[in-house]
Amino acid sequence: MERLRVLLLDAAPGELLDREVGRLLGHGLAVTLNLRRVADRPAARAAWAGRVDFADFDAFDEPALIAQTVRDGSGYHAVKSRAGVPLRAAFLAAATDPALTGRLRVIGRAGAGTDHVDLDSAARHGVAVTHTPGSNANAVAEFALAQLLALTRDLPAHNGAAHQGRWSAPAAPATELSELTLGVIGLGRTGLALAERATALGLAVQGFSRRPAGAPVPRAESLTTLLATSDVISLHLPLTPRTRNMIGRAELALMRPGSILLNTARGEIVDEEALADALGDPAHPLAAAAVDTFAHEHAAFASPLFGLPNALLTPHVAGMTRAAMSVAAVRCADHIASLLAGRPDGVPVVTA
């Protein structure tokens with residue numbers, strides 16, 4: 001009997017690639033490894049030659065992705081994504097074509113967010129979408145704290161001045177964390193992990209969430225109240241139709257004078273144009289922002305925030321720690337194998 005086939009669109013990096021591939025093979029699955037985003041391709045080929053198949057294509061190029069999927073009429077029973085490769089209606093229709101010997105049944109995401117998948121189309125075509133919620137909660141929480149510390153102590157500006165040989169003393173004393181109130185929007189695993197760490201560092205913490213009460217964090221009665229009574233706002237919620245552009249011009253205008261916005265969630269939760277305008281206006285209450293996620297990423301990376309000195313920008317790396325990525329890779333492999341084997345109990349499946 002032919003083994004079920006899995007396409008790794010973007011394998012875990014470095015030594016974690018071996019752990020991920022080995023886990024999938026251990027489940028008896030046939031693996032095709034896309035080498036396009038692998039740093040050391042010759043080493044990967046040498047390590048896995050004869051045990052896996054190889055491909056080399058840009059998974060963010062939808063025609064190339066579809067061509068690989070339907071090549072030779074074989075298809076894949078599952079695909080795995082780490083970096084959020086868009087899996088939209090055209091791909092899902094092609095990958096579930098009855099003419100393929102391997103019809104797509106499962107999409108696995110080594111990470112929490114699944115906004116890169118057309119969930120409605122996946123449901124129509126009978127494709128289960130699984131992910132690894134919480135696998136990078138600690139990593140993202142730590143990164144948000146790093147963003148906060150960098151901005152409250154103006155580290156980017158001091159670093160730039162020092163590299164230019166300038167001894168640049170601050171114009172005014174910095175604010176200690178114990179003087180600040182942190183507002184956490186979204187009290188899931190990551191938001192709560194941040195709240196716990198921030199409390200330990202002496203910040204006053206409050207949260208806002210549409211989920212039922214019960215989290216050990218004082219709750220603001222509304223988003224408006226949270227924005228108006230926090231010195232720092234940190235976003236930790238998924239991108240949905242309800243959260244898209246949740247933070248726009250009106251919301252930014254409500255923030256305290258000298259406030260900071262942190263976004264490690266999804267770029268489109270914040271209106272980037274409105275954020276850029278706010279940061280470019282010396283009279284606006286928002287003083288700085290740290291952004292790790294953008295509306296347009298990877299090869300399409302572009303943002304109106306480019307060039308603003310009070311915008312700390314990073315390329316969606318908040319969750320990229322060794323521990324987080326290892327857990328996500330192994331857990332995603334297990335989820336894929338369980339769903340393909342018809343054992344869905346305990347496996348998180350995302351619906352539209």
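In strand 4 (78-81), A78 and K80 point one way while V79 and S81 point the other, and all are buried, where buried means under 20% relative accessible area, exposed means over 50%, and partly exposed lies in between (1.4 Å probe, protein chains only). Helices (H or I, at least four residues) and strands (E, at least two) are DSSP runs numbered from the N terminus. This is a predicted model, in which local features need pLDDT of at least 70 and side-chain atom pairs count only at pLDDT 80 or more, while totals for chains, interfaces and linings use all residues. Residues are numbered from 1 along each chain as its sequence is written, and side-chain values use heavy atoms, with hydrogens and water left out.

Strand 4 pairs with strand 1 in the parallel sense over three bridges; two strands count as paired if DSSP finds at least two bridges between them. In this pairing V6 stands opposite A78. Strand 4 also pairs with strand 5 in the parallel sense, over four bridges, and there V79 faces I107. These strands belong to an open sheet of six strands with parallel pairing and the order 3-2-1-4-5-6. Strand 3 (53-55) and strand 6 (128-130) are at the edges and have a single partner strand each, so one side of each is left without a neighbour in the sheet. From one strand to the next the twist averages 20°.

Helix 1 (16-26) lies across strand 1 (5-8), strand 2 and strand 4, and runs at about 165° to strand 1. Helix 12 (322-340) touches strand 1, strand 4, strand 5 (106-109) and strand 6, and its direction makes about 165° with that of strand 5. Contact here means heavy atoms within 4.5 Å, and the angles, from 0 to 180 degrees, are taken between N-to-C directions of axes fitted to C-alpha atoms, for helices over the stretch in contact.

The next topic is the nonpolar cores. A nonpolar core is a set of buried Ala, Val, Leu, Ile, Met, Phe, Trp, Tyr and Cys residues joined through side-chain atoms within 4.5 Å. The largest has 30 residues, of which I185, L235, L252, L261 and L275 touch the most other members. Helix 9 (223-228), strand 9 (232-235), helix 11 (272-279) and strand 11 (286-291) each supply at least two residues of this core, and helix 11 gives the largest share, five residues. Leaving aside residues up to four places away in sequence, L275 touches L252, L261, V270, L286, A289, V291 and L305. A second, separate core of 25 residues includes A44, A333, I336 and L340.

L275 also lines the largest cavity, together with L261, N263, G267, V270, E272, V291, T293 and L305. On a 1 Å grid over the protein atoms alone, a cavity is a set of points where a 1.4 Å probe fits but cannot get out, a pocket is an open set with protein on both sides within 12 Å along at least five of seven lines, and lining residues have an atom within 4 Å of a point. The largest cavity holds about 40 Å³ of space, a volume being the space filled by probe spheres set on the points, which are joined across faces, edges and corners.

The second largest pocket has a volume of about 600 Å³. Among its 28 lining residues, L151, T152, R153, D154 and A174 are the closest to its centre. Helix 7 contributes the largest share of the lining, four residues.
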